[in-house]
Amino acid sequence: MTKILVPVDGSEQSGEALEYALEHFKDADITAINVIDPIEAGYTAQATVPGYSEEWFEQAKDAAEELFDEAQETADEYDHELATTTEVGRPSRAIVDYADENDVNHIVMGSHGRSGVSRILLGSVAESVVRRSPVPVTIVR
């Protein structure tokens with residue numbers, strides 16, 4: 001069975017990537033992955049408040065579940081059941097590591113989830129995944 005990994009982050013691009021995977025890999029096992037990046041918690045002034053990290057992490061996990069619910073609604077339109085996983089770490093590394101460790105055959109992802117200055121400063125997750133992936137990567141624009 002073909003295994004497809006689709007990173008989801010709530011962006012329009014990740015939604016389009018999921019639809020692409022559902023349309024083009026009808027018989028595949030599709031897993032939606034959301035990566036919680038702990039570095040994002042460190043970019044706020046609140047990060048120095050005791051207990052903030054745990055609260056932030058719980059909110060990030062809840063947000064991932066909401067993304068998965070939305071992704072499953074999309075998959076329902078294609079009569080497809082999604083597997084889901086939440087990983088913690090730097091997004092590009094977590095995506096590549098998950099693909100490598102779980103016998104994923106193909107990654108389908110949006111061109112980018114960020115825009116403007118943050119994309120320039122943080123780099124392109126998609127570009128990094130393409131460079132490091134052990135499997136083919138389809139980038140959906």
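Val6 has Ala32 in S2 as its bridge partner. This is a predicted model, where local features need pLDDT of at least 70, side-chain atom pairs count only at pLDDT 80 or more, and totals for chains, interfaces and linings use all residues. Residues are numbered from 1 along each chain as its sequence is written, and side-chain values use heavy atoms, with hydrogens and water left out. Helices (H or I, at least four residues) and strands (E, at least two) are DSSP runs, numbered from the N terminus.

**The sheet**

- Five strands form an open sheet in the order S3-S2-S1-S4-S5, with parallel pairing; two strands count as paired if DSSP finds at least two bridges between them.
- At the edges sit S3 and S5 (137–140), each pairing on one side only.
- On average, neighbouring strands of this sheet are turned by 25° against each other, direction ignored.
- H1 packs on the sheet and touches S1, S2, S4 and S5, its direction making about 140° with that of S4. Axes here are lines fitted to C-alpha atoms, for helices over the stretch in contact, and angles run from 0 to 180 degrees between N-to-C directions.
- H4 packs on the sheet too, touching S1, S2, S3 and S4, and its direction makes about 150° with that of S2.

**S2 and its partners**

- S1 and S2 run parallel to each other over 5 bridges, and Pro7 stands opposite Ile33 in S2.
- S2 also pairs with S3 in the parallel sense, over 6 bridges, with Asn34 opposite Thr86 in S3.
- S2 is largely enclosed by the rest of the structure because 7 of its 8 residues are buried. Buried means under 20% relative accessible area, exposed means over 50%, and partly exposed is in between (1.4 Å probe, protein chains only).
- Together, S1, H1 and S2 make a right-handed β-α-β unit. Right-handed means that, with the strands pointing away from the viewer, the path from the first strand over the helix to the second runs clockwise.

**H1 and Ser14**

- H1 has 13 residues and reaches 18 Å from first C-alpha to last, close to the 18 Å expected at 1.5 Å a residue. The expected span is 1.5 Å times one less than the number of residues.
- Its buried residues are Gln13, Ser14, Ala17, Leu18, Ala21 and Leu22.
- An α-helix has 3.6 residues a turn, so residues three or four places apart point the same way.
- Ser14 is in H1 (residues 12–24), and it counts as buried because its relative accessibility is 6%.
- The Ser14 side chain makes a polar contact with the side chain of Asp9 at 3.1 Å. That term means a pair of N or O atoms within 3.5 Å; within protein, one must be able to donate a hydrogen and the other to accept it, and residues adjacent in sequence count only if both atoms are side-chain atoms.
- Leaving aside neighbours within four places in sequence, Ser14 is in contact (heavy atoms within 4.5 Å) with Pro7, Val8, Asp9 and Gly110.

**H4**

- In H4 (residues 91–101), the residues Pro91, Ser92, Ala94, Ile95, Val96, Tyr98 and Ala99 are buried.
- Their cover includes S1 (3–7), S2 (29–36), S3 (83–88), S4 (106–110) and H6 (125–132).
- Just after H4, Asp103 takes a positive phi of about 50°.

**Ser53**

- Ser53 is found in H3 (residues 52–77), and at 41% relative accessibility it counts as partly exposed.
- Ser53 and Pro38 are 15 residues apart in sequence and 8.4 Å apart in space, C-alpha to C-alpha.
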